[in-house]
Amino acid sequence: MNPEARKPFIAGNWKMNMTVAEARKLALEIKNGTLNESDDVEILICPPFGSLYPVSEVLKGSAVKLGAQNCYWEENGAFTGEMSPPMIKELGCDYTIVGHSERRSYFRETDEWVSRKARALLDVRVSPIVCVGEVLQDREAGRTNDIIRGQMLGSLDGLSSEDMLQVVLAYEPVWAIGTGKTASPEQAQEVHAFMRNILIDLYGLDVALRVRIQYGGSVKPENVTALMGQPDIDGALVGGASLEAASFLKLVSFKTGGID
Ligand code: PGA
């Protein structure tokens, strides 16, 4: 495999945090802190919906990209409380996270919904970051691979090879999210390699080698370098440690050790 073809991708998922003022401040710190960052790392921040436009203004002229945390698949209409892919695009987003485990568990999102969202985003040229991951019970029962395969087949249903080249996957073991328990680099690599093999089955080797797979779940400056050193880990989707400029900037500079 040639990991050189896959640009490392560090993304901050701010979840339901930050006032607009706080979001603007953090975005500005990240913008200023990455001005000298070489362009061999892709950097993304995903604030809550209400801060997307204000943050897009702050990010003008910077290489830091903007993403949303969710969407609905219809273009417009009577869907109270939802945001459509064209609306997200208009706000300046290049990416949108879909199928995050918090949405799957608290909001009962299914793989079918995730695939519809991914399709609708691709139709307006916004790249979906499709999340999959097993809960602790499944891992302990030896069902991790079955769960991941099922989520991948369902969430990517109907996507062509061409579509897949615009998609980013994120492996986020639910037991590692916000818990301080990170999967070891070896545990994560094992699942990432499994996911890449599924991509080979579905889309062939060439596509599979070009799709980036992020790891998410308690990624911190202390563990990012070891995780990113794994052959099939191409990035990180970061919650808690993305909420402060200092730690997020250390994650972005994982190549130099992640920590000062
Ligand atoms: P965490 O969240 O880094 O706080 O564990 C990751 C995520 O949910 O994307």
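W14 is buried, with a relative accessible area of 0%; buried means under 20% relative accessible area, exposed over 50%, and partly exposed in between, computed with a 1.4 Å probe and protein chains only. The model is predicted, so that local features need pLDDT of at least 70 and side-chain atom pairs count only at pLDDT 80 or more, while totals for chains, interfaces and linings use all residues. Residues are numbered from 1 along each chain as its sequence is written, and side-chain values use heavy atoms, with hydrogens and water left out.

W14 is placed in the loop between β1 (9-13) and α1. Helices (H or I, at least four residues) and strands (E, at least two) are DSSP runs numbered from the N terminus. Leaving aside neighbours within four places in sequence, the contacts of W14 (heavy atoms within 4.5 Å) include A23, L26, A27, I30, P47, P48 and S242. W14 and S242 are 228 residues apart in sequence, yet their C-alpha atoms are 6.7 Å apart in space.

S51 belongs to helix α2 (residues 49-59) and is buried, at 2% relative accessibility. Residues up to four places away in sequence not being counted, S51 touches T19, V20 and A23.

**The ligand and its shell**

Around the ligand there are 13 residues, of which K15, H100, E172, G178 and S218 come nearest; a residue is near a molecule if one of its heavy atoms lies within 4 Å of it. By class, this shell has four nonpolar, seven polar and two charged residues. In this division Ala, Val, Leu, Ile, Met, Phe, Trp, Tyr, Cys and Pro count as nonpolar, Asp, Glu, Lys and Arg as charged, and the others, Gly among them, as polar.

An N or O atom in the side chain of E172 is 2.7 Å from a ligand oxygen. From S218, a backbone N or O atom lies 2.7 Å from an oxygen atom of the ligand. For G240, a polar backbone atom is 2.8 Å from a ligand oxygen. Of the 280 Å² of accessible area that the ligand has on its own, the protein covers 95%, areas being computed by the Shrake-Rupley method with a 1.4 Å probe.

**Salt bridges**

Side chains of opposite charge can pair when their charged atoms come close. A search of the whole structure finds 18 salt bridges, each being a side-chain nitrogen of Lys or Arg within 4 Å of a carboxyl oxygen of Asp or Glu.

| Pair | N to O distance |
|---|---|
| E29 and K25 | 3.2 Å |
| K65 and E42 | 3.0 Å |
| R116 and E112 | 3.0 Å |

E29 and K25 both lie in helix α1 (residues 20-33), four residues apart, about one turn of the helix. E29 is partly exposed, at 32% relative accessible area, and K25 is exposed, at 52%. R116 and E112 are likewise four residues apart, about one turn, in helix α5 (residues 111-123). R116 is partly exposed at 37% relative accessibility, and E112 is partly exposed at 46%.

Finally, R6, R196, D232 and D234 are linked in a network of salt bridges.

Terms used: Polar contact = N/O pair within 3.5 Å; in protein donor to acceptor, adjacent residues only side chain to side chain.
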